[in-house]
Amino acid sequence: MNLHNSQRDSEPDDALETSMAMVASAISDPSRVSILCALMDGRAWTATELSAVAGIAASTTSGHLSRLLSNRLVICLTQGRHRYYSLAGHHIAGLLENLMGVSMQTPKAPASSTPVSLRYARTCYDHLAGELAVNIYEFMLREKWLEADGSALTLAGKNHFEKLGVVLNSHSRRKPCCPCLDWSERGFHLGGNAGAALMDLFLKKEWITRIHGYREVNMTDSGRIGMGRLFNLSFI
């Protein structure tokens, strides 16, 4: 084997490994984790708001945001005099959600310290997560709205979505539909374009409402009626 060629062929792998290590390092700080988790609600936040949620000084927040920006984990949007930060995309949200799931996998499953409201219904970037979302996903599987592996809507599923008024983005480059591992419930909820479109419908119908500054969402009385009837759910 030509040693020179062998070394040259290994360079792309070395670059990838270095890049992976840099991203992992960027996520490793607890304050940056707090910032990223706050941005999991899918909205843009100011540095001041992120400073408050992470419990750190504004000057420190600036340094953390710079690190996250340089590793393409977040993006910055400027509007007038204000700068807003958000996750760089749904792929980053998926990475964080999977990391949460891995972090919960301990040899002895402890009693969850996650607040009940956060476990029940929250945002996972641009789609619904938590116990409610897992129950909806399981209903869709039982009723054959989804392919068995959750990779696509069936014809029946597409028809139901159309009747509901769910608007799917046919030009989206993301997966049209996919199972997303729910870190608190250890099951799957609906992700991809279909998950985002369904979340949009819930918000437009005001079946769920956002809580400013938090990932939790509230289910309204009309939501209990509408989702209960549509997905055969019962609420205590």
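**Cavity, pockets, a sheet and a helix pair**

The largest cavity has a volume of about 80 Å³. A cavity here is a set of points, on a 1 Å grid over the protein atoms alone, where a 1.4 Å probe fits but cannot get out. Points are joined across faces, edges and corners, and the volume is the space filled by probe spheres set on them. Before I go on: this is a predicted model, where local features need pLDDT of at least 70 and side-chain atom pairs count only at pLDDT 80 or more, while totals for chains, interfaces and linings use all residues. Residues are numbered from 1 along each chain as its sequence is written, and side-chain values use heavy atoms, with hydrogens and water left out.

The search of the whole structure finds one cavity of 30 Å³ or more. Lining residues, those with an atom within 4 Å of a point, include His127, Ile136, Tyr137 and Phe202. Helix α9 (192–204) is among the contributors and gives the largest share, four residues. Helices (H or I, at least four residues) and strands (E, at least two) are DSSP runs, numbered from the N terminus. By class, the cavity lining has eight nonpolar, two polar and no charged residues. Nonpolar means Ala, Val, Leu, Ile, Met, Phe, Trp, Tyr, Cys and Pro; charged means Asp, Glu, Lys and Arg; the others, Gly among them, are polar.

Helix α7 (131–142) also supplies at least two residues of that lining. What is the crossing angle of α7 and α10? Their axes, lines fitted to C-alpha atoms over the stretch in contact, with angles from 0 to 180 degrees between N-to-C directions, come within 10 Å and cross at roughly 30°. The two helices are therefore roughly parallel, the term for angles under 35 degrees. The contact (heavy atoms within 4.5 Å) includes Ile136 and Phe139 of α7 and Met227 and Phe231 of α10. Its residues are seven nonpolar, no polar and no charged.

Now the pockets. A pocket is an open set with protein on both sides within 12 Å along at least five of seven lines. The largest holds about 290 Å³, and Cys37, Ala38, Val53, Leu118 and Arg215 lie nearest its centre among 13 lining residues.

Three strands form an open sheet in the order β1-β3-β2, with antiparallel pairing; strands pair if DSSP finds at least two bridges between them. β1 and β2 stand at the edges with a single partner strand each, so one side of each is left without a neighbour in the sheet.

Technical notes. Parallel < 35°, antiparallel > 145°, perpendicular 65-115°, else oblique.
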